[in-house]
Amino acid sequence: MPPRKYQEAEALLLPAWELSPTFDVAYNLGNTEYQLKKHREAAQYLSFALRHWPLLKGVAKLKPNAEKWLAESRAQVAAVGVTVSMAGAEVLVDGKVTGRAPLEGEVFVEPGEHRVEARLSGYETASQTVRVGKGGTAKVELAMTLAKSEANEATPVANVAEGASAPGAGAGGGPAAELAPGAPVEPASPPQQRSWVPVIALGAASVVGLGVGIGMTVASRNARSDADAQRAAILSRGPGCVNAPSDVASACKAFKDTAGSAEAFGTGALVAYVASGALAAGAVTYALWPRSATTGSSVGIRPIVSLATSETMVGVVGLW
């Protein structure tokens with residue numbers, strides 16, 4: 001694949017990653033950045049893909065490629081392992097947000113000096129500057145302490161003399177005053193309005209499914225392109241893979257593996273697109289479905305996806 005094609009793939013995959021940071025999108029982005037010699041980005045995406053690699057036979061053959069590309073990219077860059085004492089703290093490297101503590105993996109950087117920070121509301125910013133060489137790893141441990149204003153703030157304590165009235169008690173009726181007999185009863189609250197949480201959840205899931213579909217479509221296209229190139233190379237050396245000599249047999253096996261990967265990714269893309277459509281349909285149906293006259297009725301929506309060797313079923317089960 002020429003570099004321009006990798007640049008086009010990068011332009012398609014980056015938005016897909018923003019929508020759906022999954023292993024397949026990370027694998028294809030890592031491969032693309034590796035081919036473009038963007039080793040820091042390649043290492044970040046490939047390490048994510050390998051941490052989340054699924055136990056699927058169709059993609060198992062691709063894992064050695066990811067491990068090879070990661071090793072080669074890792075040797076060209078540096079890494080920083082960050083540990084923060086407070087979970088949820090925002091972690092920044094050279095002023096750029098890389099995630100929240102605890103970070104899932106290492107942060108890959110260019111060799112040299114880097115400033116690592118951790119920020120959390122109510123705590124002092126913790127920072128450390130490290131220098132790490134090419135292919136090396138630096139460990140950073142950031143201990144966060146309460147901000148001075150928080151640490152010095154005392155909780156006020158009110159002393160009430162025995163028999164004295166607390167603020168808000170007595171005449172005028174404070175919040176704790178009991179309802180007098182015969183007092184008017186507050187009117188019942190109006191019926192609860194329709195909850196839009198299911199619509200938002202189904203819409204978000206539909207967007208994720210679309211992102212996965214885009215990633216797998218790109219992966220399938222890349223694999224088919226590689227398979228076409230392998231097939232052309234085989235045909236240029238002889239009649240093909242039937243009764244192929246030993247020097248062609250290995251190339252034939254690689255061609256079959258690549259073609260199988262293209263088919264697996266194509267099937268996965270189809271499933272993702274169908275799931276995205278089903279989830280979007282569920283969101284629209286819930287939004288437009290007439291409300292039940294019965295008060296207190298429960299609302300529940302659950303998407304279901306069933307995958308089998310001979311069939312694929314995607315649907316949404318709901319009660320409203």
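In strand β3, V97 is the bridge partner of L92. The strands meant here and below, like the helices, are DSSP runs numbered from the N terminus, a strand being E over at least two residues and a helix H or I over at least four. The model is a predicted one, in which local features need pLDDT of at least 70 and side-chain atom pairs count only at pLDDT 80 or more, while totals for chains, interfaces and linings use all residues. Residues are numbered from 1 along each chain as its sequence is written, and side-chain values use heavy atoms, with hydrogens and water left out.

Strand β2 (residues 90-93) is joined to β3 by four bridges, and the two run antiparallel. Strands count as paired if DSSP finds at least two bridges between them. On the other pairing of β2, four bridges link this strand to β5 (residues 112-119), again in the antiparallel sense, with V93 bridged to V116 in β5. Strand β5 also pairs with β6 in the antiparallel sense, over seven bridges, and E113 stands opposite R131 in β6. The strands β5 and β6 form a hairpin with six residues between them, and G122 in the turn has a positive phi of about 90 degrees.

Together these strands make an open, antiparallel sheet of four strands in the order β3-β2-β5-β6. Because β3 (96-100) and β6 (126-132) stand at the edges with a single partner strand each, one side of each is left without a neighbour in the sheet. Neighbouring strands of this sheet are turned by 25 degrees against each other on average, direction ignored; axes are lines fitted to C-alpha atoms, for helices over the stretch in contact, and angles run from 0 to 180 degrees between N-to-C directions.

An open sheet of three strands has the order β4-β1-β7, and its pairing is mixed. Its edges are formed by β4 (107-109) and β7 (137-142), each with a single partner strand, so one side of each lacks a neighbour in the sheet. Strand β1 (residues 78-84) pairs with β4 in the antiparallel sense over three bridges, and A78 stands opposite V109 in β4. With β7, by contrast, β1 pairs in the parallel sense over six bridges, V80 having A138 as its bridge partner in β7. Strand β1 is mostly covered, six of its seven residues being buried; buried means under 20% relative accessible area, exposed over 50%, and partly exposed in between (1.4 Å probe, protein chains only).

Among the helices, α2 (residues 23-35) has 13 residues, which at 1.5 Å a residue should span 18 Å; the end C-alpha atoms are 18 Å apart, in agreement. The expected span is 1.5 Å times one less than the number of residues. Twelve of the 13 residues of α2 are buried, so this helix is largely enclosed by the rest of the structure. The buried residues of α2 include F23, Y27 and Y34. Just after α2, K37 takes a positive phi of about 65 degrees.

Residue N28 lies in helix α2 and counts as buried because its relative accessibility is 3%. Leaving aside neighbours within four places in sequence, N28 is in contact (heavy atoms within 4.5 Å) with L13, G215, A219 and N222.

Two packed helices are described by the angle between their axes and the distance between the axes. The axes of α1 and α2 come within 9 Å and cross at roughly 145 degrees.

Not counting residues up to four places away in sequence, W17 touches T22, V25, A26, L29, Y45 and F48.
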